[in-house]
Amino acid sequence: MAKKKAIKRAAKTKKGQVKEGKRRTALDAAARVLAESGRAMSCGALIAAMAAKGYWTSPAGKTPSATLYAAMAREIKVKGAEARFRKSERGKFAGR
């Protein structure tokens, strides 16, 4: 079986122009909300704040707060001291 080479293509708009910038993820939006608020928040509160400020909305997911919790916990575990988040108390995260 021959392996296919992955071809990277630039994302294009309807008019054929290349999009500027990178798509914001839930983790990026959560880091921004935590930096702006300056206090620890639960994932449910973070999801609500991100949607209210227009930073990120769930693409029809049923449990976005559980997904965000898992992603934040994974970043803390993988990056350690370089993670953008820290766990402040049970169920709450704060920015660094």
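Visitor: What does the accessible surface of the protein chain come to?
Guide: About 7,600 Å², and 53% of that belongs to carbon and sulfur atoms. Such areas come from the Shrake-Rupley method with a 1.4 Å probe; for residues, only the protein chains shown count as cover. This is a predicted model: local features need pLDDT of at least 70, side-chain atom pairs count only at pLDDT 80 or more, and totals for chains, interfaces and linings use all residues. Residues are numbered from 1 along each chain as its sequence is written, and side-chain values use heavy atoms, with hydrogens and water left out.

Visitor: How many helices and strands are there?
Guide: The protein chain has 3 helices and 3 strands. From the N terminus on, they run α-β-α-α-β-β. Helices (H or I, at least four residues) and strands (E, at least two) are DSSP runs, numbered from the N terminus.

Visitor: In what order do the strands sit in the sheet?
Guide: S1-S3-S2, in an open sheet with antiparallel pairing. The edge strands are S1 and S2 (85-89), and each pairs on one side only. Two strands pair if DSSP finds at least two bridges between them.

Visitor: How many bridges join S2 to S3?
Guide: There are 4. S2 and S3 form a hairpin with 2 residues between them. Gly91 sits in that turn, with a positive phi of about 80 degrees.

Visitor: And how many join S1 to S3?
Guide: 2 bridges, and those strands run antiparallel. Ser42 has Lys92 in S3 as its bridge partner.

Visitor: Which strands does H1 touch?
Guide: H1 packs on the sheet and touches S1, S2 and S3. Its direction makes about 60 degrees with that of S2. H3 packs on the sheet as well, touching S2 and S3. For H3 the angle with S2 is about 110 degrees. Axes are lines fitted to C-alpha atoms, for helices over the stretch in contact, and angles run from 0 to 180 degrees between N-to-C directions. Contact means heavy atoms within 4.5 Å.

Visitor: New topic. What share of the 96 residues is buried?
Guide: Buried residues make up 24%. Buried means under 20% relative accessible area, exposed over 50%, partly exposed in between (1.4 Å probe, protein chains only).

Visitor: Which residues touch the most other members of the largest nonpolar core?
Guide: Val33, Leu46, Met50, Leu68, Met72 and Phe85, out of 20 residues. H1 (26-37), H2 (43-53) and H3 (64-79) each give two or more residues to this core. The largest share, 7 residues, comes from H1. A nonpolar core is a set of buried Ala, Val, Leu, Ile, Met, Phe, Trp, Tyr and Cys residues joined through side-chain atoms within 4.5 Å.

Visitor: What does Phe85 touch?
Guide: Not counting residues up to four places away in sequence, its contacts include Leu27, Leu34, Met72, Ile76 and Arg96.

Visitor: Which residues of H2 are buried?
Guide: Cys43, Leu46, Ile47, Ala49 and Met50. They cover an arc of only 165 degrees around the axis, so they lie on the same side of H2. The arc is that of the directions from the helix axis to the C-beta atoms. These buried residues pack against H1, S1 (41-42), H3 and S3 (92-95).

Visitor: What follows H2?
Guide: Gly54, whose phi is positive, near 80 degrees.

Visitor: Last one. Where does Ala70 lie?
Guide: In helix H3. Ala70 counts as partly exposed because its relative accessibility is 37%. Ala70 and Cys43 are 27 residues apart in sequence and 9.8 Å apart in space, C-alpha to C-alpha.
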